[in-house]
Amino acid sequence: MSQLQLLAHATLVGIVVLFFFESLPNSFLHKEKLGFPVWNYLITLGLQLIAYPLCVLFALRFEPEQSMKWLNGGWDQLTEAQSRSSRIFWFLVAFHMAKDLRSVMHDKRLLFHHLFCFFGLCTFGLLSHCGVGVIIIVTVAMEFGSAVFNVSALTNTMAHYHVTLITISHVVGVFGVFHLSFVGQFPLFFQVISCVCMVVVCVFRHQDCFNKFREWRYSKSLYSIANTEMVDQNDCTNELIG
């Protein structure tokens, strides 16, 4: 299967999964959190916290002595096991982007993020002549930051951890892109474009992160005020009864 066929199949599977869940009777799986249904969050978290790290683990585990070639080399330098794990990874990333298509239409920034990941990141990751493993690790780091956001959106907790971890994921992401751009002997135009795109994506993600954090603090303060007023009312009632 060629690289383009792999992306096409992943897109088709993502769309089929999207229509499958859309066709199910309404349930808690269809309840929306920040514009995304619960079923989407659950699948995405499974990819971000389980499937993506496993792809990295298998790529490093099968051929430990080839780890540096996987990190810095191109597709033609990978062992069969590393190539298979890497192709599965990009299949899952493309599937991830495709299943979100309906939910991101309402948000231009999210739509840009998904289009950039699909047409830019997936294509580059599958066609790159160097740094196959570095690109994958950068993507896993960025997705881990997104995973904390998804948990925060589902549970309305972990906002503090989200700010910290997504910042760490951005540092890893920016470092990885700069490393690839200037060590990978890419043309100057590509170096500039890739670094600018990465910084723009990180800025957008940080804006969403801090917006979520402010919303969480605001809702928490309202909850605290409501509890205080309820306690005061109960104290007044008890005094009157007494």
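Entry 1, Val132. I listed the contacts of Val132 beyond four places in sequence: Trp70, Leu71, Gly73, Gly74, Trp75, Leu78 and Ser86. The model is predicted, and I read every value with that in mind. I then checked one of these pairs by distance. Val132 and Gly74 are 58 residues apart in sequence, yet their C-alpha atoms are 5.8 Å apart in space. I placed Val132 in helix α7. Is Val132 buried or exposed? Its relative accessible area is 1%. The cut-off for buried is under 20%, so Val132 is buried.

I took α4, residues 80–99, and α7, residues 132–155. Angles under 35 degrees would count as roughly parallel, and 65 to 115 as roughly perpendicular. The pair is therefore oblique. I also noted the handedness: α4 crosses α7 in a left-handed sense.

Which residues meet here? From α4 I found Ser86, Phe89, Trp90, Val93, His96 and Met97. From α7 I found Val132, Ile135, Ile136, Thr139, Val140 and Glu143. I sorted the contact of α4 with α7 by class: eight residues are nonpolar, three are polar and one is charged.

Outside four places in sequence, Thr139 touches Phe89, Trp90, Val93 and Leu121. I looked up its relative accessible area and got 4%, so Thr139 is buried.

Technical notes: Residues numbered from 1 in each chain as written. Predicted model: local features only at pLDDT ≥ 70, side-chain atom pairs only at ≥ 80, totals over all residues. Heavy atoms only, no water. Axes fitted to C-alpha atoms, helices over the stretch in contact; angles between N-to-C directions. Helix = DSSP H or I, 4+ residues; strand = E, 2+ residues; numbered from the N terminus. Parallel < 35°, antiparallel > 145°, perpendicular 65-115°, else oblique. Left-handed = near helix turned anticlockwise from the far one by under 90°. Contact = heavy atoms within 4.5 Å. Nonpolar A, V, L, I, M, F, W, Y, C, P; charged D, E, K, R; others polar. Buried < 20%, exposed > 50% of the residue type's maximum accessible area, 1.4 Å probe, protein only.
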